[in-house]
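Keep the viewer open as you read.

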Amino acid sequence: MNQDDIDYFYEKYGQPIDKVEVTEDIIKKYRGKLPESILEQWRLFGFAGYLNGLYWITNPDDYAEVIYDWLEDTPLPDDDVYHVLARSAFGELLIWGECNYGRYYIKTMEGILHDNGEQLESAEFYGSDFFFLPKKNYLDYTDKNGKKLFDRAVKKLGVLKADEMYAFEPALALGGEESLTYLAKVNLPVHMKFLKQVTPLGLRTFEDLTAALYGTSYSVDDLTTGQDVQPQYQESVQAGEVCPRTGYWTTPAQPNTRHYCKKGEVLPEIKNQDWGEIYWYWDGES
């Protein structure tokens with residue numbers, strides 16, 4: 001890995017918090033189980049929190065029981081061994097299979113095992129950018145009003161430690177609400193075990209995702225070989241960003257209001273609103 005790659009990582013994710021250097025004993029333990037590119041990144045970036053604790057590179061030893069609990073009722077452990085290599089502040093587990101590589105990840109609060117599809121390239125290919133792929137916007141959690149939670153959670157509850165996460169109390173599976181009001185800072189291992197007991201785990205495939213987005217199930221090949229697909233979902237864009245489609249847009253920050261915006265124009269920001277980040281949602285062409 002060259003210096004440009006290292007600089008890019010820190011530019012994207014910032015400086016680490018609660019960093020633990022990865023020892024040679026751990027490197028030796030996982031050599032042959034994980035690609036060398038992952039081990040190299042461990043040496044460079046350590047086990048630590050980034051983005052002020054939104055994104056964590058994890059020691060898989062600390063999550064061995066967690067991943068066993070979540071996968072034991074699925075067929076995944078039958079033909080592969082999985083390790084938690086990273087996680088979000090809201091309990092999303094980014095896992096690595098010794099045979100399936102980065103095919104799966106788990107959203108524990110919602111009970112979703114997401115299948116990215118078969119990994120056709122080499123382990124080194126997927127390992128080389130494994131820790132570079134997560135984006136802040138996707139790691140953050142969106143509340144029931146379409147507002148991002150992380151920055152508000154930090155302000156209310158404080159920065160997380162390596163063994164902590166933000167979670168809704170009561171849990172969503174028990175009727176909890178996706179709201180800052182019900183967000184708490186909890187012990188991660190304890191809460192993960194609790195979530196598994198009350199949250200059914202369901203498989204979501206790439207085709208399931210496209211069905212939700214486009215109204216029709218598509219494969220990866222369909223979407224990369226010119227297949228004509230039209231989204232049939234409520235597309236969202238942050239205020240201040242360029243409008244991707246001409247038509248009407250709505251925002252929870254201004255209920256019962258529709259804003260007409262042409263493609264290429266900027267969706268307006270709303271001032272003097274105690275609302276956090278504002279998102280506009282596609283509401284049709286007429």
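Begin at strand E3 (residues 55-57), which is joined to E4 by 3 bridges, the two running antiparallel. Helices (H or I, at least four residues) and strands (E, at least two) are DSSP runs here, numbered from the N terminus, and two strands pair if DSSP finds at least two bridges between them. Within this pair, Ile57 stands opposite Ala86 in E4.

Before going further, a word on the ground rules: this is a predicted model, in which local features need pLDDT of at least 70 and side-chain atom pairs count only at pLDDT 80 or more, while totals for chains, interfaces and linings use all residues. Residues are numbered from 1 along each chain as its sequence is written, and side-chain values use heavy atoms, with hydrogens and water left out.

Now widen the view to the whole sheet. It is open and has 8 strands with mixed pairing, in the order E1-E2-E3-E4-E5-E6-E7-E10. Strand E1 (17-20) and strand E10 (202-205) each have a single partner strand, so one side of each is left without a neighbour in the sheet. On average, neighbouring strands of this sheet are turned by 25° against each other, direction ignored.

Two helices that pack on the sheet come next. Helix H1 (residues 3-13) touches E1, strand E2 (47-50) and E3, and its direction makes about 50° with that of E2. Helix H3 (residues 36-45) touches E1, E2, E3 and E4, and its direction makes about 70° with that of E2. Contact means heavy atoms within 4.5 Å; axes are lines fitted to C-alpha atoms, for helices over the stretch in contact, and angles run from 0 to 180 degrees between N-to-C directions.

What about the interior? Leaving aside neighbours within four places in sequence, Trp42 is in contact with residues including Ile57, Leu85 and Phe131.

Turn to the charged side chains. The structure holds 12 salt bridges, each a side-chain nitrogen of Lys or Arg within 4 Å of a carboxyl oxygen of Asp or Glu. One of them joins Lys107 and Glu92, with the closest N and O atoms 3.0 Å apart. Lys107 lies in strand E6 (residues 104-107) and Glu92 in strand E5 (residues 92-97), so this pair ties together parts that are 15 residues apart in sequence. Asp73 and Lys196 form another, at 3.3 Å between the closest N and O atoms. That pair links distant parts of the chain, 123 residues apart: Asp73 sits in the loop between helix H4 (64-71) and strand E4 (82-88), Lys196 in helix H8 (residues 188-198). Asp73 counts as exposed at 63% relative accessibility, whereas Lys196 counts as buried at 17%; buried means under 20% relative accessible area, exposed over 50%, partly exposed in between (1.4 Å probe, protein chains only). Salt bridges also link Glu65, Asp69 and Lys193 in a network.

Finally, how many disulfides are there? With a disulfide defined as a pair of cysteine sulfur atoms within 2.5 Å, the count comes to 0. Take Cys261: its closest cysteine sulfur, in Cys243, is 3.8 Å from its own, too far for a bond. Cys261 counts as buried, at 1% relative accessibility.
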